[in-house]
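This note sets out a few points on one helix and on the aromatic residues of the structure shown below. Please read them alongside the sequence.

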Amino acid sequence: MRFRLLSILWVVLLSSFSLAQQIHGQYLETRSADVYTGQCFANGEVNLVGSEAILAWHVETGSWNGVSLDGLTVAAAVHAHGTLGDPYESPYPAQAVVIVDDHANPQQREALIAFAQQMGGELLSHVEQVIPAPMELVVNPEKHGVAVLRAGQFATVQTRSIGGFDHVCGNEVTFYPPLTATTHSMPAVAMTDSYQGPGLGVAWESHGKRSAFVGSFAR
């Protein structure tokens, strides 16, 4: 009897863990302000830059709202009213455009949007437009901080790891945390950070900024 109770308890614990970790994959983020920087540089950028961001999730395995999202990718481009991550002034409300994997069927598309909004929170509370597009998000497992995002013709991100030559003042830290929950993340250099799509009233392209995060997520 005692063994049976322990077996039932073990099954319940495994089921709970499975539900808690029902979806996981790779995460990529870029900002229009350096996230790995010295305080003097960050203070000089506040309220001048940093109001734009690109967020992207590639689901390795898992489901959302009962819909399997294995192998699918969703991204969002965001334009806020101030520097994202500013601890003193709110940058909200923000406008967002969600780019969904064109391999997703209608149910998967809705689930991807719901997942992104849950992960993005207030960042994605005002979605101006949803765009289906060919999506690719690849994180290099052998080279830390190396990743590529291609979201149709609308968004492109390419990152590399931070090296010694990226230290300008010598007091750099990860000044801003990622905008969404991650299980692991590291700052990286965005060799290309570009959004050329509709819906936000702005477009941007920058190169060589210490403005990216590469990581993973699980929910």
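1. In helix α3, the buried residues are Gln108, Ala111, Leu112, Ile113, Phe115, Ala116, Met119 and Gly120; buried means under 20% relative accessible area (1.4 Å probe, protein chains only). The model is predicted: local features need pLDDT of at least 70 and side-chain atom pairs 80 or more, while totals for chains, interfaces and linings use all residues. Residues are numbered from 1 along each chain as its sequence is written, and side-chain values use heavy atoms, without hydrogens or water.

2. Helix α3 covers residues 106-120, and its 15 residues reach 21 Å from first C-alpha to last, close to the 21 Å expected at 1.5 Å a residue. That expectation is 1.5 Å times one less than the number of residues. Helices (H or I, at least four residues) and strands (E, at least two) are DSSP runs, numbered from the N terminus.

3. At the N-terminal end, Asn105 caps α3, with a side-chain oxygen 3.0 Å from the backbone nitrogen of Gln107. Just after the helix, Gly121 has a positive phi of about 60°.

4. There are six aromatic pairs, counted when ring centres of Phe, Tyr or Trp (its six-membered ring) lie within 6.5 Å; planes under 30 degrees apart are stacked, over 60 edge-to-face, and the rest tilted. Tyr27 and Trp57 form a tilted pair, 5.7 Å centre to centre with 45° between the planes. This pair joins strand β1 (residues 23-31) to strand β3 (residues 52-64), its members being 30 residues apart. Tyr27 is buried at 0%, and Trp57 is buried at 0%.

5. Ring pairs link Tyr27, Trp57, Trp64, Phe115 and Phe217 into a cluster.

Note on methods. Buried means under 20% relative accessible area, exposed over 50%, partly exposed in between (1.4 Å probe, protein chains only). A polar contact is a pair of N or O atoms within 3.5 Å; within protein, one must be able to donate a hydrogen and the other to accept it, and residues adjacent in sequence count only if both atoms are side-chain atoms.
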